[in-house]
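Colleague: Please take me through the labels on this model. I want the value and the cut-off behind each one.

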Amino acid sequence: MLQVFDDTYFMKKALQEAEIAYEKGEIPVGAVVVCNHQIIARAHNLTEALNDVTAHAEMQAITAAANFLGGKYLKGCTLYVTLEPCQMCAGALFWSQISKIVFGASDPERGCIALKTTLHPKTKIIGGVLEEETSYLLKKFFIEKRNLN
């Protein structure tokens, strides 16, 4: 069977990272960076494990991708992330000059779109890829978290 490497395929890979975060008790956000149809970085939230508010999946993925490429710019790369990037992550993505951002679930309160965060002028952004699946994992996490407290 021919494997199609499209936005859904790569978002499923980001969702696998989110599931790893979920299992670790982290807010379940996962990300992958793709260049030339190849995953060059995989990451998930590590804010609890690292005791670091900046250890979002996107930030981890940017660093890993830059290390893989040997440079700070991610031109020609696409970030797949299960939740719309926050203002901090969008700012880092601006500076990385990433070509495309694809996200799953929207974040109408803290997301970069609602907050009108400026992305790099050449960056394309697409939302809603596997939105139902990515939203479900986040909702499940927070429901369980509330029930424990």
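This is a predicted model: local features need pLDDT of at least 70, side-chain atom pairs count only at pLDDT 80 or more; totals for chains, interfaces and linings use all residues.

Modeller: Residues are numbered from 1 along each chain as its sequence is written, and side-chain values use heavy atoms, with hydrogens and water left out.

Colleague: Why is H2 called roughly parallel to H3?

Modeller: Helix H2 (residues 57-69) and helix H3 (residues 87-96) pack at about 20°, with axes 9 Å apart. Angles under 35 degrees count as roughly parallel, over 145 as roughly antiparallel, 65 to 115 as roughly perpendicular and the rest as oblique. So H2 is roughly parallel to H3. Axes are lines fitted to C-alpha atoms, for helices over the stretch in contact, and angles run from 0 to 180 degrees between N-to-C directions. Helices are DSSP runs (H or I, at least four residues), as are strands (E, at least two), numbered from the N terminus.

Colleague: Which residues of H2 and H3 meet?

Modeller: Glu58, Met59 and Ile62 of H2 meet Met88, Cys89, Ala92, Leu93 and Ser96 of H3. Contact means heavy atoms within 4.5 Å.

Colleague: What makes H1 roughly parallel to H4?

Modeller: The axes of helix H1 (residues 7-23) and helix H4 (residues 131-148) cross at roughly 5° and come within 11 Å. That angle makes H1 roughly parallel to H4. Leu15, Ala18, Glu19 and Tyr22 of H1 make the contact with Glu133, Thr134, Leu137, Lys140, Phe141 and Glu144 of H4.

Colleague: Does His44 count as buried or exposed?

Modeller: Buried means under 20% relative accessible area, exposed over 50%, partly exposed in between (1.4 Å probe, protein chains only). His44 has 10% relative accessibility, so His44 is buried. His44 lies in strand S2 (residues 38-44). Beyond four places in sequence, its contacts include Glu17, Ile20, Val29 and Gln60. The C-alpha atoms of His44 and Ile20 are 7.3 Å apart.

Colleague: What makes the pair of Phe94 and Trp95 edge-to-face?

Modeller: Rings of Phe, Tyr and Trp (its six-membered ring) pair if their centres lie within 6.5 Å; planes under 30 degrees apart count as stacked, over 60 as edge-to-face and the rest as tilted. Phe94 and Trp95 are 5.2 Å centre to centre, with 80° between the planes, hence edge-to-face.

Colleague: How exposed is Trp95?

Modeller: Trp95 has a relative accessible area of 65%, so Trp95 is exposed. Phe94 has 24%, so Phe94 is partly exposed.
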